[in-house]
Amino acid sequence: MSEAKVKPKGFQEWMEINIWALLIVLGLVLSVGGLVEIVPLFFMKNTLEHTKFPEIVWDKSGREPIVTVDEAGKTAWNWQPGDGVRPYTAVEVAGRDIFQREGCYLCHSQMIRPFRDEKERYGHYSLASESIFDHPFQWGSKRTGPDLARVGGKYSDEWHRQHLRDPRALVPESVMPGYPWLDESYVNGKSVRRHMKGLRLVGVPYSDADVESAPALLEGKTEMDALVAYLQVLGTMVKLDDSKAYRE
């Protein structure tokens, strides 16, 4: 003889024995909670620091090419380190793609938190405005290796090359794998140009010259060249002033 079903005594008990109803209600509750936290950010003028400190962002983005290349392959820069946050150049875009492809973000964050110990080790805390052209952003939270938000200029290009080829040759205790094959693979300039066109569709202010010069800028560049270029620009775009309160 089968046992009679016990009728739930209330809404909570009914929810606990109906898994699909529980999942639906849980999803609704989490969605409301998320919206309450996220939506106000779109209406707060101080969410991005450059609304108060416009010098954080390079004011020529989209109006002038970041870097040009002539027929002889010689490059000329319209932007200099410290001029402000700008879109990545074609070489840096290629390097960033390699950074993501190889899963570097799984062990390296790119967000310095506003704590004294982090600022003493890595430098000025990260600003939201520094990531406005990142799609997707690389903030992260896992630090098997050090944070890379301000690694640009900390080491020479050759140091990075040696470190990427054989990390333990420079840092004996490192658990990072080597990437020697990056020296042998060349970047596809046309593919990067298509990527830059896609980035422009989501709001990255590339000029026509920035996009069309990608194949020329990447001519003869290896994946190692591109990745090193990306690492060397991290944290160098803005000249931050410790006396200014970028966050209130």
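Tutor: Begin with the lining of the largest pocket, where α5 gives the most, with four residues. Bear in mind that this is a predicted model.

Student: Which elements each supply at least two residues of that lining?
Tutor: They are α4 (116–122), α5 (157–165) and α10.

Student: How much space lies in the largest pocket?
Tutor: The general idea comes before the figure. Rolling a probe the size of a water molecule over the atoms shows where empty space is left. Here the largest pocket holds about 710 Å³. Its lining has 29 residues, and His108, Gly145, Pro146, His163 and Met176 are the closest to its centre.

Student: How do the residues of this lining divide by class?
Tutor: There are 17 nonpolar, seven polar and five charged residues.

Student: What about the second largest pocket?
Tutor: Its space is about 480 Å³. It is lined by 16 residues, with Leu41, Thr47, Leu48, Ala128 and Trp139 closest to the centre. By class, 10 are nonpolar, four polar and two charged.

Student: Which domains does the lining of the second largest pocket draw on?
Tutor: Domain 1 (11–42) and domain 2 (49–233) each give at least three residues. Those two domains come from the domain assignment of the protein. Their centres, taken over C-alpha atoms, are separated by 39 Å.

Student: Now the cavities. How many reach 30 Å³ or more?
Tutor: The count is two. The largest cavity has about 240 Å³ of space. Its lining takes in 18 residues, and Tyr88, Glu130, Ala149, Leu234 and Gly235 lie nearest the centre. That lining splits into 10 nonpolar, four polar and four charged residues.

Student: And the second largest cavity?
Tutor: Its space is about 80 Å³. Among the residues that line it are Pro87, Tyr88, Arg96, Phe133, His135 and Tyr206. Helix α3 gives the most to this lining, with three residues. By class, the lining has seven nonpolar, two polar and two charged residues.

Student: Which residues have the most contacts inside the largest nonpolar core?
Tutor: This core has 47 residues, and the ones with the most contacts inside it are Ile56, Tyr88, Val192, Met196, Tyr206 and Leu227. Two or more residues come from each of α3 (90–101), α7 (189–201), α9 (214–217) and α10 (223–233). The largest share, seven residues, is from α10.

Student: Take one of them. What is isoleucine 56 in contact with, leaving aside neighbours within four places in sequence?
Tutor: Its contacts are Glu49, His50, Gly84, Val85, Leu127, Ser129, Val238 and Tyr246.

Student: Is glycine 153 buried or exposed?
Tutor: Compare its relative accessible area with the cut-off. Glycine 153 is exposed because its relative accessible area is 59%, and exposed means over 50%. Glycine 153 sits in the loop between α4 and α5. Valine 233 is 80 residues away from glycine 153 in sequence, yet their C-alpha atoms are 7.5 Å apart in space.

Student: What should I look for in a peptide bond?
Tutor: Most peptide bonds are trans. The bond from histidine 135 to proline 136 is cis, with omega near -5°. Proline 136 is placed in the loop between α4 and α5.

Technical notes
Residues are numbered from 1 along each chain as its sequence is written. This is a predicted model: local features need pLDDT of at least 70, side-chain atom pairs count only at pLDDT 80 or more; totals for chains, interfaces and linings use all residues. Side-chain values use heavy atoms; hydrogens and water are left out. A nonpolar core is a set of buried Ala, Val, Leu, Ile, Met, Phe, Trp, Tyr and Cys residues joined through side-chain atoms within 4.5 Å. Buried means under 20% relative accessible area, exposed over 50%, partly exposed in between (1.4 Å probe, protein chains only). Contact means heavy atoms within 4.5 Å. On a 1 Å grid over the protein atoms alone, a cavity is a set of points where a 1.4 Å probe fits but cannot get out, and a pocket is an open set with protein on both sides within 12 Å along at least five of seven lines; lining residues have an atom within 4 Å of a point. Grid points are joined across faces, edges and corners, and a volume is the space filled by probe spheres set on the points. Ala, Val, Leu, Ile, Met, Phe, Trp, Tyr, Cys and Pro count as nonpolar, Asp, Glu, Lys and Arg as charged, and the others, Gly among them, as polar. Domain bounds come from an automatic or database domain assignment.
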